[in-house]
Structure formats: C-alpha cells, structure tokens
Amino acid sequence: MMVPIFTLKLNHKINPRMVTIGKFDGVHPCLTAATQAGKVFIHNPHVRGQKPAAHRLTQSTLDSDISLLNINQAVTCLAAGKLGPDTVGDTLFVGSQTNLLAYDVHDNADIFYREVTDGANAIVLGKLGNIRSPLAIIGGNCALQGFDHDGNDQFWTVTGDNVRSLVLCDFTGDGKNELLVGSEDFDIRVFKEDELVSEMTENETVTSLCHMHGSRFGYALANGTVGVYDRTARYWRIKSKNHAMSIHAFDLNGDGVVELITGWSNGKVDARSDRTGEVIFKDNFSSAVAGVVEGDYRLDGQKELICASTDGEVRGYLPASKDQKGSLMDSSSEQELIRELSQRKQNLLLELRNYEENAKGVSQTNSEVGVIPANTQLQTALSVKPATEVQRAHVELSISTPNETIIRAVLIFAEGIFEGESHVVHPSAQNLSGCVRVPIVPPKDIPVDLHIKAFVGGKCSTQFHVFEITRQLPRFSMYQILADPSAAPPGGRVSFSVNERPQRVVMWLNQNFLLPEGVETPNVTFASLRGRGLLSFNMASNGQITLRTDDIDLAGDVVQSLASFLAMEDLSAEADFPTYFEELRTTLTEVDEFHAVHQKLTADMAEHSNYIRSVLVQAEDARLMGDMTAMKKRHRQLYDLNRDLINEYKIRSNNHNALVACLKSVNQAIQRAGRLRVGKPKNHVISACRDAIKSNNVNALFRIMRGGTASS
C-alpha cells in the first residue's frame with residue numbers, strides 16, 4: 001500500500017515523542033526534533049548555504065542542512081504551527097519542565113518566553129471552544145494552561161494527574177474543538193474549555209492521542225495497547241509486548257479515510273484500519289521510532305508520511321501508484337488467502353477429530369468422554385469477602401454448573417485487574433468439582449467487564465465443551481455493607497440536594513455496590529475493603545443527601561457516579577474534610593517556603609555569577625601582566641566559586657522538585673474540590689480556587705472548597 005520514496009541519515013539522535021514539522025518561512029517544510037543536551041535541530045534541505053544569525057540558532061558542524069537551537073534545558077515537548085494572525089510562517093514551541101519558548105525560526109528571534117510552574121509534558125496548538133484566538137495549550141503537573149500568540153495566559157484548569165498527551169478535536173459534534181487529555185491516572189478526559197464533559201478510564205498511562213476524523217481518535221497506552229475510540233465507544237484495541245512511541249492519522253490508501261499509523265519501540269511501523277484494527281501496511285527501522293509526522297517534504301504537491309527513528313534515520317512514504325498497488329496487492333492477497341485457507345483447514349480437521357472421538361465414546365456407551373447433559377449451563381455469582389488471617393479482602397467470583405459435570409479450567413479476561421489482563425484457574429485432579437471460586441481485587445473503583453470462558457465436561461472427559469459468559473463487576477465492588485453501623489461516623493462529609501425519589505437512589509446503590517440481598521432504603525453504611533474507612537450514605541425526606549467519608553477522592557467518585565445515573569447537569573454541594581484540608585494548609589505553607597528559598601537561591605546564584613566574571617577578568621589581567629602568583633590565586637578562587645555554585649545548584653534542584661510535588665498536591669486538591677460538584681458549580685469552584693491561589697488568599701480558598709463560593 002505504501003512505498004518509501006526517500007531516506008535520510010541525520011547525524012543526530014532524536015528524543016522519543018519530540019518530532020514535528022513546520023513551515024517556518026511559510027513555504028518550506030522543515031523536520032524539527034529534540035536531541036540530546038537541551039538542543040532542538042531543524043532540518044532544512046530546501047534553502048542551502050544560508051547561515052543563521054548568531055542568536056539561539058547555530059549551524060550544525062555535522063550536517064550543512066541542519067541548524068541547532070540551544071534551549072539549555074531538557075526539552076519535554078515540541079510543536080510547530082501558526083498562532084498569530086499576521087505571521088507568515090509557523091512558530092516553533094519548545095517546552096521544558098519550567099518554561100515555554102515560542103520561537104521564530106526564520107527571523108531567529110524569541111516571540112515569548114514564559115515560566116510555567118507546572119511544567120510542560122505535552123503541547124497542542126489550535127482553537128478551543130469559544131476562545132477567540134488560537135492557543136498553545138500545554139499539559140503539565142495536573143494542570144492545563146493555554147497561551148495566545150503574545151504569550152498571554154488565556155486558559156487554565158486542573159486535571160486529575162500529570163498530563164502525558166493532548167489533542168484537539170470536535171468530540172461533541174457541535175462544530176467547536178474540545179480538548180482531550182491523557183494522563184498518568186489512566187484516564188482520557190474531554191474538556192469543553194474548562195468544563196469536563198466526558199471521561200474514559202483505561203488500564204495504563206495514556207501516552208499518546210491523535211485525532212482521526214470527526215469524533216474519532218486514536219490512543220496509545222504505556223503497556224503497549226493501541227486502539228480507536230469514537231466518542232466514548234471503543235471501536236477496537238490491540239496489545240503488543242512493545243511500546244507505542246508515536247501514533248498519527250494518515251490516509252495511506254487514498255480512500256478518503258485515515259488509518260492509524262503507529263511507530264513502536266522495536267522499530268516497527270504499522271498502519272491499521274480505523275474500523276477494525278487490521279494491519280494493512282508495515283515496515284521496520286533498526287532502532288525505536290521517535291515520531292511519525294506528515295508533510296510535503298519533496299515540494300511536489302503530495303504529502304508524505306514521514307517516520308523518524310531515535311538514531312536519526314528518516315523515511316518518507318507515499319501511497320503506491322495504481323501499477324505498484326496492483327502488483328503488491330496481487331502477491332500479498334494471494335499469500336494471505338493461502339494462509340487463511342490453510343488455517344481454516346486445520347481448524348476443521350481438529351473439529352472433525354473431536355466429533356469422531358465423541359461419537360466413538362457414545363457408541364461404546366461411555367457418555368463421560370465428551371458428551372454433557374443438555375441442561376448444562378454456567379452460573380456465576382459475585383460476593384464481597386472481608387480479610388482473614390490467610391487471605392486479604394477481595395471480591396469472590398463463583399462459577400458453577402447445576403449438575404454432575406465438572407469445570408476443568410476457567411479463563412477470565414478483564415482490563416486492569418489481572419497482570420496481562422487474563423487469569424487462568426486450572427484445578428488439580430484431586431480438586432475437580434462443578435464449582436470454581438476466583439478471588440478478584442480491583443485496584444480502582446471502576447466498572448469492569450469479566451469475560452469468562454469455562455471448560456466443562458464429565459469427570460473422565462478428554463474433550464470439553466467451552467462455555468462463554470460476560471459478567472460486570474460493579475464500580476464500588478470493594479465495599480461491604482454493615483448491618484450494624486455502630487462505629488463513629490467519618491469526619492469528612494459532602495451534602496447536596498437532589499429532586500428525585502428515594503427509589504431511584506436505591507436503584508443506583510443496587511447497581512453500583514455488591515449487595516447480598518439488595519437494599520430498600522438509601523440510608524446505608526459501607527466499610528472499605530481497601531482500608532479507606534467507612535462510607536456512610538443518608539438521604540432525608542426533602543432530598544438532601546449527606547455522604548460521609550474521610551476519603552475526598554471516594555466522595556468525588558460517588559458524587560460523579562450518582563449525578564451521571566440521575567442525569568444531573570448541574571449540582572452544587574457543601575463539603576468539609578477536616579483532615580485533608582489541614583494537610584492542604586500545611587502544603588500551602590510549604591509552597592510559600594519553597595518559593596522564598598527559590599528566590600533567595602536565584603539571587604545568590606546571580607551574585608556568584610557576577611563575582612565569577614570579575615574574578616575571571618582579574619585572572620586574565622594578571623596573566624597578561626605576567627603576575628603568575630596573582631593569576632593562580634584568582635584561579636583558586638574560581639575553583640572554589642565553581643564548587644559553591646554546583647552545591648547551590650543541587651540545593652536549588654532539590655528545592656524545585658519539592659516545590660513541584662507540592663504544586664501537584666495543590667492542583668489535585670482543586671480538582672478534588674471540583675469533583676464534589678457537577679457542571680457550572682464545578683467550573684466555578686475550579687476557577688475561584690485558582691483566583692484565590694493567585695491572590696494568595698488561603699482562607700478564601702478553603703471557603704470556596706467548603707461552600708462553593710468565596711463568601712462566608
């Protein structure tokens with residue numbers, strides 16, 4: 001389907017996931033990538049012999065087509081595109097853990113340089129919702145921040161964990177872009193500006209996202225999973241033992257529908273159908289793929305798919321011409337057909353042999369060889385089992401048959417519960433029975449589909465019948481209902497009102513918790529099997545619901561789940577979590593202390609730098625005057641000053657890491673306070689909390705978190 005049309009060997013290593021392409025002069029596409037030692041290289045083979053002016057950009061000594069941009073910090077993300085209304089060419093955006101640089105490559109000048117306290121792990125350019133100007137949106141330490149072409153901060157909100165991937169697409173089909181955010185807490189969140197409109201939970205860190213068409217997008221996880229969603233419905237997914245380094249949407253067969261291109265850590269590049277996930281093209285590099293982009297690199301009017309590997313090899317691909325496609329497809333389709341027919345033949349022969357064995361057993365009146373009673377069926381049950389001396393707390397899945405048949409083996413497929421997503425139970429010959437019990441410990445409060453396959457037969461069977469059944473594990477399955485809740489209630493609480501009958505809330509409880517006989521009243525208390533204390537639920541006659549727990553995350557999950565079940569668009573709440581709020585107050589004090597230390601260390605280092613300059617000038621003067629004694633003395637001073645600077649840098653680095661950890665906690669606290677509300681009240685709480693932090697008004701911050709507004 002695809003043929004390579006050019007290959008480049010660049011003498012620079014390329015950092016994974018940091019490859020882009022930009023027309024910096026408005027005409028010529030240039031491959032741009034982050035390389036080692038805080039540098040970005042720009043490959044421009046179209047305009048030769050032009051030496052860059054001496055600002056950040058310098059000519060590479062290894063390749064005349066490459067210019068190097070010195071960032072002097074480790075590059076964490078990279079993008080190129082247009083933000084300004086009057087700019088001719090694309091702007092290059094380079095993110096680090098502390099700053100964002102917008103750079104005009106053509107004029108070799110900074111456009112803006114902004115400090116980003118929360119770091120920049122991912123970047124995307126484009127229009128978001130009703131915000132008038134295009135934005136450079138960066139995702140960092142649990143926060144999202146958008147800058148316009150002048151570097152003004154036009155957008156800010158928080159998300160659940162560190163951001164790893166971003167993409168803009170019209171998710172809701174309203175003609176305006178939403179922001180899709182992949183993070184380290186395994187969630188893909190969809191933001192309509194600062195409003196969270198949808199969430200999809202995966203079973204690993206979401207490392208890459210790419211828009212395909214309409215509301216369809218591709219995703220990749222840290223465990224080697226790649227797949228496609230259309231809104232919240234997953235079309236398909238595959239899992240590899242290798243890691244997906246980069247994904248990109250590209251129409252490689254000219255049918256008007258893009259395919260999902262994936263570059264892998266083992267050097268493989270493959271293209272999969274967006275509908276089925278079937279591989280329709282593949283190639284191999286000698287090292288890991290660093291990035292996949294597209295551009296008219298040969299300036300012939302055709303956009304090529306461009307793949308770059310970590311060792312600097314770059315290949316461009318185009319869809320094969322009709323003649324090439326015909327010969328390629330003829331040979332490949334013939335081989336595929338032969339393979340498919342051969343596999344079908346093997347399967348049919350195996351099935352025939354099993355039937356013959358079964359028939360032989362029946363004719364010999366030995367019905368236990370493979371034939372089972374016609375009324376045999378698989379029955380499943382889920383129950384909560386508290387911790388004992390020999391076994392930790394778990395959910396027990398019981399699989400049984402209603403007659404004398406035995407279960408020889410059970411295979412369970414479930415995302416995010418078992419290592420490798422599958423679990424096999426194979427009872428020993430002495431323990432064969434018609435019932436198998438499997439302990440399950442879901443790590444998070446998410447609903448999970450359990451796909452069960454059981455091998456059922458007689459006690460002496462050599463062939464077995466395979467039964468398949470799917471059972472859903474409820475979201476809050478690791479909570480045991482207490483018949484006598486005499487323990488003191490938790491100190492944390494959240495209260496809100498719903499205009500619903502108690503029976504609807506009871507229905508939600510029965511669907512989302514594992515209850516032995518179901519409940520008839522919404523006033524219940526649960527004990528967490530994960531050691532997170534009690535969860536108390538109470539509904540008054542006026543519709544006021546009070547939820548008590550010391551775990552603010554659990555409270556947020558319960559509020560969001562109930563609001564979704566009751567289809568509530570807006571929900572305001574009052575909350576108080578004394579223990580958590582006290583910890584947050586301590587964290588905010590630490591943030592102020594770390595900021596003060598940071599400013600002092602920065603001033604000290606600047607003072608040291610000025611002193612070094614003057615000592616260096618004195619040493620050089622002594623050398624020119626032939627005063628070797630003075631020169632040696634100055635160099636000894638320089639040596640001591642350099643050692644002090646290195647020590648100060650280590651202290652500053654440790655201080656910065658501690659500050660980042662505290663800021664993450666603060667951002668997560670804002671997110672948690674927001675999750676206790678739904679819709680407009682949630683957005684108001686998040687924006688009001690941010691304003692309180694910017695104005696350093698700690699008391700207002702806690703008033704907002706408790707009541708939803710800054711007024712007491």
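The structure is a predicted model, in which local features require pLDDT of at least 70 and side-chain atom pairs count only at pLDDT 80 or more, whereas totals for chains, interfaces and linings use all residues. Residues are numbered from 1 along each chain as its sequence is written, and side-chain values use heavy atoms, with hydrogens and water left out.

The C-alpha trace of the protein spans about 110 × 75 × 55 Å along its principal axes. Seven helices and 42 strands are present; helices (H or I, at least four residues) and strands (E, at least two) are DSSP runs, numbered from the N terminus. Of the 712 residues, 50% count as buried, where buried means under 20% relative accessible area, exposed means over 50%, and partly exposed lies in between (1.4 Å probe, protein chains only). Contact is defined as heavy atoms within 4.5 Å. Among contacts between residues at least 6 apart in sequence, 56% join residues at least 24 apart.

The protein is divided into domain 1 (6-320), domain 2 (379-473), domain 3 (479-557) and domain 4 (578-707), with bounds that come from an automatic or database domain assignment. The C-alpha centres of domain 2 and domain 3 lie 29 Å apart. At their interface, twelve residues of domain 2 are in contact with eight residues of domain 3. The size of an interface is often given as the accessible area lost when the parts come together. For domain 2 and domain 3 the buried area is about 740 Å², 60% of it on carbon and sulfur atoms; this quantity is the accessible area (1.4 Å probe) that two parts lose on being put together, summed over both.

Side chains of opposite charge can pair when their charged atoms come close. A salt bridge is here a side-chain nitrogen of Lys or Arg within 4 Å of a carboxyl oxygen of Asp or Glu. One salt bridge is found across the interface of domain 2 and domain 3. The side chains of aspartate 445 and arginine 530 meet in a salt bridge with an N to O distance of 2.7 Å. Four residue pairs in polar contact, both residues at pLDDT 80 or more, are also found across the interface of domain 2 and domain 3. A polar contact is a pair of N or O atoms within 3.5 Å; within protein, one must be able to donate a hydrogen and the other to accept it, and residues adjacent in sequence count only if both atoms are side-chain atoms.

On the side of domain 2 that touches domain 3, strands β30 (379-385) and β31 (394-400) each supply at least two residues. Strand β30 gives the most to this side, with four residues. The residues of this side divide into seven nonpolar, two polar and three charged. In this grouping Ala, Val, Leu, Ile, Met, Phe, Trp, Tyr, Cys and Pro count as nonpolar, Asp, Glu, Lys and Arg as charged, and the others, Gly among them, as polar.

Within domain 3, serine 495 lies in strand β38 (residues 493-497). Serine 495 is buried, with a relative accessible area of 11%, and its side chain joins that of arginine 493 in a polar contact of 3.3 Å. Beyond its neighbours within four places in sequence, serine 495 is in contact with Gln544, Ile545, Thr546, Ala573 and Glu574.

The count of salt bridges comes to 35. In one of them, the side chains of aspartate 161 and lysine 664 meet at 3.3 Å, N to O. Aspartate 161 lies in the loop between β14 (153-158) and β15 (163-169) and lysine 664 in helix α5 (residues 628-675), so the pair ties together parts that are 503 residues apart in sequence. Aspartate 161 counts as buried at 12% relative accessibility, while lysine 664 counts as partly exposed at 23%.

A salt bridge also links glutamate 620 with arginine 623, the closest N and O atoms being 2.6 Å apart. Both residues lie in helix α4 (residues 578-624), three residues apart, about one turn of the helix. Glutamate 620 is partly exposed at 36% relative accessibility, as is arginine 623 at 43%. Elsewhere, salt bridges that share partners join Asp185, Asp187, Arg189, Glu199, Arg475, Asp557 and Arg675 into one network. Aspartate 187 and arginine 189 form a salt bridge with closest N and O atoms 3.3 Å apart, and both residues are buried.
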